[in-house]
Amino acid sequence: MVSPFLSVACDLANKSLLLTSPNPRVGCVITRPDGQILGQGHTQQAGGPHAEVMALRDAAAQGHSIQGATAYVTLEPCAHQGRTGPCCDALIAAGIKTLVATNTDPNPLVAGQGFARMRAAGIDVVVLPPDDPLAIQSRELNIGFFSRMVRKTPWVRMKIAASLDGKTALTNGASQWITSPEARADGHAWRARACAVLTGMGTVRADNPRLDVRLVDTPRQPAVALVDSRLELSPDAHLFVASRPLYIWATGQNDHKLSELEARGARVFQQSGGHSQVDLAAMLQDMGRLEINELHVEAGHRLNGALMEAGLVDEFLIYLAPKLLGQGRDMASFGPLTELSQALPLVFQSTQMVGPDLRVLARVQGRDQF
């Protein structure tokens, strides 16, 4: 049977959720024809072994022969020399007879070539149809990788913590804390899975945040991305605290501040063209080239609104606290709309209680069709 072993492979892929960026999260299970599991594994950190190699090593450590075995994998084995060698060649050399995979790799350097090479070596290759639940599950786990490979930009997930009436702060700016400790820890878990966390100078001026992952264990810290049109960031800002890349997008020219920030380790992208505001679409193109798969946005209502108006948000991660604040700051500043048909259409992906708060994951309609 296919599904039980692919389900195990999907579970293994989930174990690499916080580990593999910018590589995809992949799991692999190798079995005998009678169903005995010979080896299993998941992709390690970038530059480390992929899932297929980990499964082969596991089998070898147990003294198992792979000759004539079946490999179940949650993404097409790679067919190119990247940070590691081609996984399809490793499976061929090991004597795999059958390969069952959930998805074709969207990377143009692979994109069916791994399957083709294995078929040419006499291996039976089975690929699930795109609408199979396990194919959907493994694609969702790598939605950012698919986005970057196909659209050349990251998957943009906007996180918002708000009261039930949609306020993210009081009119005086007070916002700590609207949601519960449980919701904040859950938000850190979503930060941890991202390649980068994006904010704007309004948030930095108001809160001087660290934007690192502190409330859950993580093997790595995501990069920080900052929209700072006039290069106002202080070299002493808390964004410099954690050991991780810091990327800044600006439009203004300030050679002295540029030198200060670069001396602190920041990489600054200065956009030309005479515009006062950062071109957010161009920024996302830069992020694609930086190998950022998932972008986690934690910003104020102005940057949130600008991203939404530009049509750049893919998904919303919203925590709603069971309280009403009345007048206050909204989730995002955009509009005004003149017709209800202009509203941004969303599809609820999931709802879940997190402590006393409600977590809503809502996707912009059609954004995952790529």
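Which helix does Thr203 lie in? Thr203 belongs to helix H8, made of residues 201–207; helices (H or I, at least four residues) and strands (E, at least two) are DSSP runs, numbered from the N terminus. Before we go on, please note that this is a predicted model, in which local features need pLDDT of at least 70, side-chain atom pairs count only at pLDDT 80 or more, and totals for chains, interfaces and linings use all residues. Residues are numbered from 1 along each chain as its sequence is written, and side-chain values use heavy atoms, with hydrogens and water left out.

Let us stay with Thr203 for a moment. Thr203 is buried because its relative accessible area is 16%, where buried means under 20%, exposed over 50% and partly exposed in between (1.4 Å probe, protein chains only). Leaving aside neighbours within four places in sequence, Thr203 is in contact with Asn208, Pro209, Ala299 and Gly300; contact means heavy atoms within 4.5 Å.

Thr203 is also part of an annotated set. An unreviewed UniProt entry places the feature "binding site" at Ser175, Arg191, Thr203, Leu211, Arg214 and Glu298. UniProt positions are given in the numbering used here, feature names are shortened, and annotations may be inferred rather than shown by experiment. The lining of the largest pocket takes in Ser175, Arg191, Thr203, Leu211, Arg214 and Glu298 from this set. Here a pocket is an open set of points, on a 1 Å grid over the protein atoms alone, with protein on both sides within 12 Å along at least five of seven lines, whereas a cavity is a set of points where a 1.4 Å probe fits but cannot get out; lining residues have an atom within 4 Å of a point.

Now look at Arg214, found in the loop between H8 and strand S9 (223–227). Arg214 counts as partly exposed because its relative accessibility is 45%. Beyond its neighbours within four places in sequence, Arg214 touches His188 and Arg191.

There is another annotated set to visit. For "binding site", the unreviewed UniProt entry lists His50, Cys78 and Cys87. These residues are spread over 38 residues of sequence, yet they cluster in space, with a largest C-alpha distance of 9.2 Å. His50, Cys78 and Cys87 are in the lining of the second largest pocket.

Where do His50 and Cys78 sit? His50 is in the loop between strand S2 (37–42) and helix H2 (51–61), while Cys78 is in the loop between strand S3 (70–73) and helix H3 (87–94). His50 counts as buried because its relative accessibility is 17%, and Cys78 counts as buried because its value is 7%. Setting aside neighbours within four places in sequence, the contacts of His50 include Cys78 and Cys87, and those of Cys78 include His50 and Cys87.

Finally, step back to the domains. The domain assignment, which is automatic or from a database, gives domain 1 (4–140) and domain 2 (154–364). Their centres, taken over C-alpha atoms, are 34 Å apart. Nine residues from domain 1 and twelve residues from domain 2 take part in the contact. The area buried between domain 1 and domain 2 is about 870 Å², with carbon and sulfur atoms giving 43%; buried area is the accessible area (1.4 Å probe) that two parts lose on being put together, summed over both. Two salt bridges are counted between domain 1 and domain 2, a salt bridge being a side-chain nitrogen of Lys or Arg within 4 Å of a carboxyl oxygen of Asp or Glu.
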